[in-house]
Amino acid sequence: MARVLLFGPLRDLAGWRERTIEAGSLSALKAAIAAEDAALAEALDGPGVQVALDQALVRGDPKLAAGSEVAFLPPMSGG
Amino acid sequence: MSITLTEEPFDAGALLSDFTRGRTETGAVATFTGIARAEQGSTATLELEAYPGFTEAEIGRIAEQARARFGLDDLLILHRVGEIAPGEPIVFVATAAGHRRAAFEACDFLMDYLKSKAPFWKKEHGPGGARWIEPTDADHADRARWEQETDR
């Protein structure tokens with residue numbers, strides 16, 4: 001089970017901030033999300049969305065372990 | 001080096017006094033204070049979201065770059081999260097160096113990073129509803145200036 005975190009506009013679009021989802025890889029996780037919320041799945045692949053696995057930015061299709069924390073980070077803006 | 005996220009308003013003057021106190025070799029301290037704008041009434045509050053742990057770690061990485069690149073003695077970054085009213089400070093950056101140029105430039109560098117690359121998400125709430133703010137082209141161009149200066 002991966003702990004999935006959404007930030008910024010992704011959280012508003014999904015209507016949730018945190019969920020646990022059964023998936024063994026990032027692509028499997030996205031497929032599980034797509035099965036119930038196609039609009040969210042599309043947004044997760046949108047421009048500028050980065051993925052952090054256990055608080056480190058990742059690319060590609062990393063494997064997920066039990067208790068992995070996966071965060072979807074839309075374009076950032078502070079200050 | 002101090003990097004802090006806070007939900008509370010802060011007093012930039014008091015932070016500067018504390019940051020400056022006891023330094024005998026630092027010749028220059030530069031600071032920047034960012035303040036939430038009302039935008040002629042179109043923004044009632046700002047909502048700032050961070051990713052606790054990750055946000056501090058990412059800012060820390062860039063702060064370490066700034067420290068090494070500009071030869072800083074020290075730096076301090078305080079960034080608000082949560083609800084922020086117009087007129088309240090959002091961010092405070094202080095840099096300490098032997099001489100002014102390094103302190104000014106490091107402060108500028110850190111703010112350009114915070115505006116467009118630091119893990120924060122910013123939402124404006126106003127009478128017309130709410131909208132998420134993304135960095136502007138100018139923000140991206142400001143940050144790109146530092147990547148072009150490869151001969152430093």
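At the start of α1(B), the backbone nitrogen of B:G13 lies within 2.9 Å of a side-chain oxygen of B:D11. The model described here is predicted. Helix α1 of chain B spans residues 12-20, and its buried residues include B:A12, B:L15 and B:F19. These residues lie on the same side of α1(B), because they cover an arc of only 60° around the axis. Among the covering elements are β2 (28-35), β4 (74-80) and β6 (89-97). Just after the helix, B:G22 adopts a positive phi of about 80°.

The largest cavity holds about 40 Å³ of space. Both chains contribute to its lining. From chain A come A:P9, A:P74 and A:P75. From chain B come B:W121, B:K122, B:W132, B:I133 and B:E134. Two strands of chain B, β7 (120-126) and β8 (129-133), each supply at least two residues of this lining. By class, six of the lining residues are nonpolar and two are charged, with no polar residue.

Open pockets were also found. The largest pocket has a volume of about 330 Å³. Its lining counts 20 residues. Nearest its centre lie A:G79, B:R37, B:E39, B:K115 and B:K122. The residue B:K122 also lines the largest cavity. In chain B, β2, α3 (100-116) and β7 each give at least two residues to the lining of the largest pocket. The largest share, three residues, belongs to β2(B). The strand β2(B) is also among the elements that cover the buried residues of α1(B). The lining of the largest pocket comprises eight nonpolar, five polar and seven charged residues.

The second largest pocket contains about 290 Å³ of space. It is lined by 16 residues, and B:R61, B:I62, B:Y113, B:K117 and B:R143 are the closest to its centre. Three helices of chain B, α2 (54-70), α3 and α4 (137-148), each give two or more residues to this lining. Six residues, the largest share, come from α2(B). The class counts for the second largest pocket are eight nonpolar, two polar and six charged residues.

Technical notes
Residues are numbered from 1 along each chain as its sequence is written. Chains are lettered from A and ligands numbered from 1 in the order in which they are written. This is a predicted model: local features need pLDDT of at least 70, side-chain atom pairs count only at pLDDT 80 or more; totals for chains, interfaces and linings use all residues. Side-chain values use heavy atoms; hydrogens and water are left out. Buried means under 20% relative accessible area, exposed over 50%, partly exposed in between (1.4 Å probe, protein chains only). Helices (H or I, at least four residues) and strands (E, at least two) are DSSP runs, numbered from the N terminus. The arc is that of the directions from the helix axis to the C-beta atoms. Contact means heavy atoms within 4.5 Å. A polar contact is a pair of N or O atoms within 3.5 Å; within protein, one must be able to donate a hydrogen and the other to accept it, and residues adjacent in sequence count only if both atoms are side-chain atoms. On a 1 Å grid over the protein atoms alone, a cavity is a set of points where a 1.4 Å probe fits but cannot get out, and a pocket is an open set with protein on both sides within 12 Å along at least five of seven lines; lining residues have an atom within 4 Å of a point. Grid points are joined across faces, edges and corners, and a volume is the space filled by probe spheres set on the points. Ala, Val, Leu, Ile, Met, Phe, Trp, Tyr, Cys and Pro count as nonpolar, Asp, Glu, Lys and Arg as charged, and the others, Gly among them, as polar.
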